[in-house]
Structure formats: structure tokens, C-alpha cells
Amino acid sequence: MLVSAKEMLNKARDGKYAVGQFNINNLEWTKAILLTAEECKSPVILGVSEGAGKYMCGYSTIVGMVKGMIENLHITVPVALHLDHGTFEGAKACINAGFSSIMFDGSHYPIEENIAKTTALVNTCDVLGISLEAEVGAIGGEEDGVIGKGECADPKECKMVADLGVTMLAAGIGNIHGKYPADWEGLSFDTLEKIKAEVGDMPLVLHGGTGIPDDMIKKAISLGVAKINVNTECQLVFQEATRKYIEEGKDLQGKGFDPRKLLAPGFEAIKATVKEKMELFGSVNKA
């Protein structure tokens, strides 16, 4: 069954490790992540962007697929199905479809509007037992067409949103979606420390986990980050593994590619990447 992310993140915060959120884009990605989580005995969060939701035929389709896999693959570790960078309307749609966790990204609104919309969702999520992630300070890069410059969040604004009763808070500390540029200045740990001082025990979320050096990841966890998002790295390894398979010309025989064989190398590449990240985040054997 699907669970709220609240308990797993509170345990991660107290245990000084982080739970990985790995975005899913198709059946193979979902299966690879779930099997790896079970092998590693790690709690896991499956992230779904609104764009991926449309691609996979809607949120109810995704809920059915994930629940079916949990049952048929005999997954015993905690699994949360989470809307990533959702709009207000998208968040409501995922709640209705049966997601166990949602993110409302109001970071591009004035703080007053961010607070108002987040408050409305807090009340609904509390009643339904769904975990809720809010964001202050836009994350750099592009996410479903929304482009952020990667500014650092205002710690006082972070406290205002955290005090609404959200489960977890994503705060910009110089992190970026996608590949990091060569001149990236790194995470602002000074900002992270100030945010932590303001929000207390609130589990913090680090978006843009691909490309951040391991030592920065570990330091961020030590300063209160309990959830780390990974998407781009899975995209890159899946693409590269598939490209190599095609270039090697396997399985042609005049009939085209068998999709089960075509996608198998990417499936294995994602499993290896997810395992590596779970080990880095310290979530192995924490289920």
C-alpha cells in the first residue's frame, strides 16, 4: 500500500539520513526503483511531475500501476507516491486520484499568495493523512516549463510557510534542476543553517540532487535535509544505456526492436543509480 511520507521523513531527520525521491516516467522506471528499494530495504518516494502525469495517461493510471506493482512485486518497504512541483489544481487532482503525498510549488507567487494556497491544501491533507511539501525560493533550472534562477530562500519566509503545518519544506539554497553549470557556486550552507534555525524540526528537501558533490550532499543531510530528489541522473543513464543497445544493433533481425529487450539496459542502469544514491543518502536498511 502507499503511505504518507511523514513518518519516513521524520525518521530520516532524527537518524541523520535522507530518503530519496526518484521521479518515474514509465513502467520500467517505476519497477526498477521499487525493486531496488526492496533490495536495499530503503523507504522510497516516487515522484511524478505534471508533465509525466500527462504522458502516463493521467494520475489515476499511475496510482493503479504503482499499487499493482507494490502488490505483485511483493514490495514491503514504505512507498510514497508524490506529486513533484505541482500546481494548486494539480495538487487537488492528485489528492482525488489517490496519491499519498503532494508538493504544491507556490515559490513563484508572492509570499502572501503562496501562504494562502498552501494553507488551503494543509487543511485537506491533514484530514486525508496525505503528506504535503511546500516550497520557498525557486529552484534553479527548468521543471515542466517553469524556470527558476536558483535563488536562496528567505529564512523568515520559510518559517512562515513551515508554521502552516506542512510536512516538509523545499527551500532554495542555490540548487538547480538538471545539469549544474561549470561556474556553479555550490550550495549555500549559510542559508541552510539559517533556515534550519527558523523552522526547527521541519524536514527539509533538497531538489536538484543530480550533480551535487557527495560531500555537499552529506553536509546538507547533517544540517536537516531529510529528502533528496533525483531525476536528471536517471534520465541520463537510461538514455546512454539505450543508445548503446541500439548502436550495437542487437535484436534487429528485420523485425525491429523488442521493447522489452530495448529498455532492459536502461532498467538496469536506473537500478544501479538508485542503489548508489540510497547508499549515499544513508537510507539503506532504514525501512
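N285 is exposed, with a relative accessible area of 61%, where exposed means over 50% relative accessible area, buried under 20% and partly exposed in between (1.4 Å probe, protein chains only). The model is a predicted one, in which local features need pLDDT of at least 70 and side-chain atom pairs count only at pLDDT 80 or more, while totals for chains, interfaces and linings use all residues. Residues are numbered from 1 along each chain as its sequence is written, and side-chain values use heavy atoms, with hydrogens and water left out.

N285 is found in the segment after α12 (264–281); helices here are DSSP runs of H or I with at least four residues, strands are runs of E with at least two, and both are numbered from the N terminus. The phi angle of N285 is near 65 degrees, a positive value in a residue other than glycine. Most residues other than glycine have a negative phi. H74 also has a positive phi, near 60 degrees, and it sits in the loop between α4 (59–72) and β3 (79–86), where it is exposed with a relative accessible area of 61%.

H82, in strand β3, is buried with a relative accessible area of 0%, and its side chain is joined to that of S101 by a polar contact of 2.7 Å. A polar contact is a pair of N or O atoms within 3.5 Å; within protein, one atom must be able to donate a hydrogen and the other to accept it, and residues adjacent in sequence count only if both atoms are side-chain atoms. Not counting residues up to four places away in sequence, H82 touches a set of residues that includes E133, M168 and K227, contact meaning heavy atoms within 4.5 Å. E133 lies in strand β5 and is likewise buried, with a relative accessible area of 0%; its side chain makes a polar contact of 2.9 Å with the side chain of K227. Leaving aside neighbours within four places in sequence, the contacts of E133 include H82, I102, M168 and H207.

I102 is also one of the residues in contact with C125, together with I95, I130 and L132, again leaving aside neighbours within four places in sequence. C125 has its place in helix α6 and counts as buried at 2% relative accessibility. The C-alpha atoms of C125 and S4 are separated by 10.0 Å, although these residues are 121 residues apart along the chain.

Helix α7 (residues 155–162) has P155, C158, V161 and A162 as its buried residues. Seen down the axis of α7, these residues fall within an arc of 115 degrees, so they line one face of the helix, the arc being that of the directions from the helix axis to the C-beta atoms. They pack against α6 (111–128), β5 (131–136), β8 (168–171) and α8 (189–199).

The axes of α7 and α8 come within 8 Å and cross at roughly 35 degrees. In the contact between these helices, P155, K156, C158, K159 and A162 in α7 meet K194, I195, E198 and V199 in α8, and the residues divide into five nonpolar, no polar and four charged.

Definitions and conventions. Axes are lines fitted to C-alpha atoms, for helices over the stretch in contact, and angles run from 0 to 180 degrees between N-to-C directions. Ala, Val, Leu, Ile, Met, Phe, Trp, Tyr, Cys and Pro count as nonpolar, Asp, Glu, Lys and Arg as charged, and the others, Gly among them, as polar.
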